[in-house]
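Keep the sequence and the 3D view at hand while reading.

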Amino acid sequence: MTTRRAAPGPYGSTAGRTALRYLLLLAVLMLVIGPFLWQLSTSLKGPGEDVYTRTPAFLPEDLTFANYAKVADTIPVWTYAANSLLVAAIAVLGNVVGCTLAGYALAKLRFRGARLVLGLFLATLVLPGEVTVVSQYVTVRSLGLADSLVGVALPGAVAMLNVLLMRTAFAAVPPELDQAALVDGASVWQRLWHIGLPNVRGMLSVIVIFTFIGAWDDFLWPLIVLNDPQKYTLTVGLQYLNGTFSANPRLIAAGTMIAFLPIVVVFALCQRFFFKGVEEGAVKG
């Protein structure tokens with residue numbers, strides 16, 4: 001009795017497809033991680049190494065951490081980092097609270113004008129951010145919040161996209177649970193706290209991570225609102241590392257790495273819920 005071998009698919013054998021898949025993944029990895037690794041390598045190079053040579057060396061020949069100390073000597077980097085942290089904290093808190101309440105109301109509560117409110121939220125996503133910059137600045141200035149960190153954080157305190165994401169997450173919770181809670185006499189707040197929130201932790205982690213990254217990395221809006229150099233956020237303050245007549249790429253790379261570290265910390269703290277919470281999606285009693 002003879003066994004018939006499976007004919008190769010249109011893309012070759014299984015081993016060939018696996019090798020091609022890994023090659024593509026490696027290429028994407030280099031495109032994503034390559035610039036970060038190059039910046040890290042540049043920040044660790046000594047003053048005697050030429051970073052503009054035709055055949056640059058990836059590994060530093062004269063490994064040094066002095067560039068990070070020079071960044072702190074050149075600009076008040078810790079003050080700028082504290083300002084950015086305050087702005088990011090306000091934005092994250094506003095999105096977690098505001099988007100959770102708005103998303104739950106749109107998904108689980110019945111009230112007049114719900115479809116109209118949802119349509120307005122969707123309409124705001126059509127407009128690019130640059131269109132509303134002038135109106136946002138006029139609003140912030142009229143509130144007396146110009147040249148303040150609160151004025152920087154206010155426009156991003158509640159993002160419409162995050163409201164829609166939370167609405168989708170709450171809508172995925174089985175309605176039978178709310179009906180059973182209503183029979184037991186649970187209030188809206190009790191249903192939100194005991195039924196809704198335990199099932200949307202994954203989406204909350206997504207909102208926390210991306211809101212923090214957006215507020216931390218924002219450059220245009222803080223540059224427009226702030227005038228006092230002592231109130232600059234880190235992304236705006238790093239521009240002082242680029243001198244008028246000369247620039248040290250090692251210092252710029254070191255400043256970039258300092259600005260990148262808080263993002264790594266936030267993702268490390270939230271990644272457990274970011275992956276596990278989304279995958280589970282189960283109701284915990």
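Rings of Phe, Tyr and Trp, the last taken by its six-membered ring, count as a pair if their centres lie within 6.5 Å. In this predicted model, ring pairs join Tyr-80, Tyr-232 and Tyr-240 into a cluster. The count of aromatic pairs comes to five. One of them is Tyr-80 with Tyr-232, a tilted pair with 6.4 Å from centre to centre and 40° between the planes. This pair connects distant parts of the chain, since Tyr-80 belongs to helix H3 and Tyr-232 to the loop between H11 and H12, 152 residues apart. Both Tyr-80 and Tyr-232 are buried. Tyr-232 also pairs with Tyr-240, and here the rings are stacked, at 6.2 Å centre to centre with 20° between the planes.

Tyr-240, at 42%, is partly exposed.

Tyr-232 is also among the residues that touch Asn-83. Asn-83 sits in helix H3 and, with a relative accessible area of 10%, is buried. Not counting residues up to four places away in sequence, Asn-83 touches Leu-149, Gln-230, Lys-231, Tyr-232 and Thr-233.

Now take the chain as a whole. The protein chain has 13 helices and zero strands. Of its 285 residues, 34% count as buried. Among contacts between residues at least 6 apart in sequence, 73% join residues at least 24 apart. The accessible surface of the chain comes to about 17800 Å², and carbon and sulfur atoms account for 67% of that area.

The largest nonpolar core has 34 residues, and the members that touch the most others are Val-71, Ile-75, Phe-212, Trp-216 and Leu-234. At least two residues of this core come from each of helix H3 (77-108), helix H5 (133-142), helix H6 (149-153), helix H10 (201-217), helix H11 (220-225), helix H12 (234-237) and helix H13 (249-280). A second, separate core has 15 residues, including Cys-99, Val-163, Phe-170 and Leu-204.

Leaving out residues up to four places away in sequence, Leu-234 touches Val-77, Tyr-80, Ala-81, Ser-84, Trp-216 and Ala-259. Tyr-80 in that list is the residue of the tilted pair described above.

Val-208 is found in helix H10. Its relative accessible area is 19%, so Val-208 counts as buried, the cut-off being under 20%. Apart from neighbours within four places in sequence, Val-208 is in contact with Val-92, Val-96 and Cys-270. The C-alpha atoms of Val-208 and Ala-88 are 9.7 Å apart, although 120 residues separate the two along the chain.

Val-150 lies in helix H6. With a relative accessible area of 41%, Val-150 is partly exposed. Its contacts, leaving aside neighbours within four places in sequence, are Ile-90 and Leu-145. The C-alpha atoms of Val-150 and Ala-91, 59 residues apart along the chain, are separated by 9.5 Å.

Helix H9 is the last stop. Which residues of helix H9 are buried? In H9, residues 188-196, they are Arg-191, Leu-192, Ile-195 and Gly-196. An α-helix has 3.6 residues a turn, so residues three or four places apart point the same way. Cover for the buried residues of H9 includes H3, helix H7 (160-171) and helix H8 (175-183). On the face of H9 turned away from the buried side are the exposed residues Trp-189, Trp-193 and His-194.

Technical notes. Residues numbered from 1 in each chain as written. Predicted model: local features only at pLDDT ≥ 70, side-chain atom pairs only at ≥ 80, totals over all residues. Heavy atoms only, no water. Core = buried A, V, L, I, M, F, W, Y, C linked by side-chain atoms within 4.5 Å. Buried < 20%, exposed > 50% of the residue type's maximum accessible area, 1.4 Å probe, protein only. Helix = DSSP H or I, 4+ residues; strand = E, 2+ residues; numbered from the N terminus. Contact = heavy atoms within 4.5 Å. Areas by Shrake-Rupley, 256 points an atom, 1.4 Å probe, with all protein chains shown as cover. Phe/Tyr/Trp six-rings, centres within 6.5 Å; stacked < 30°, edge-to-face > 60°.
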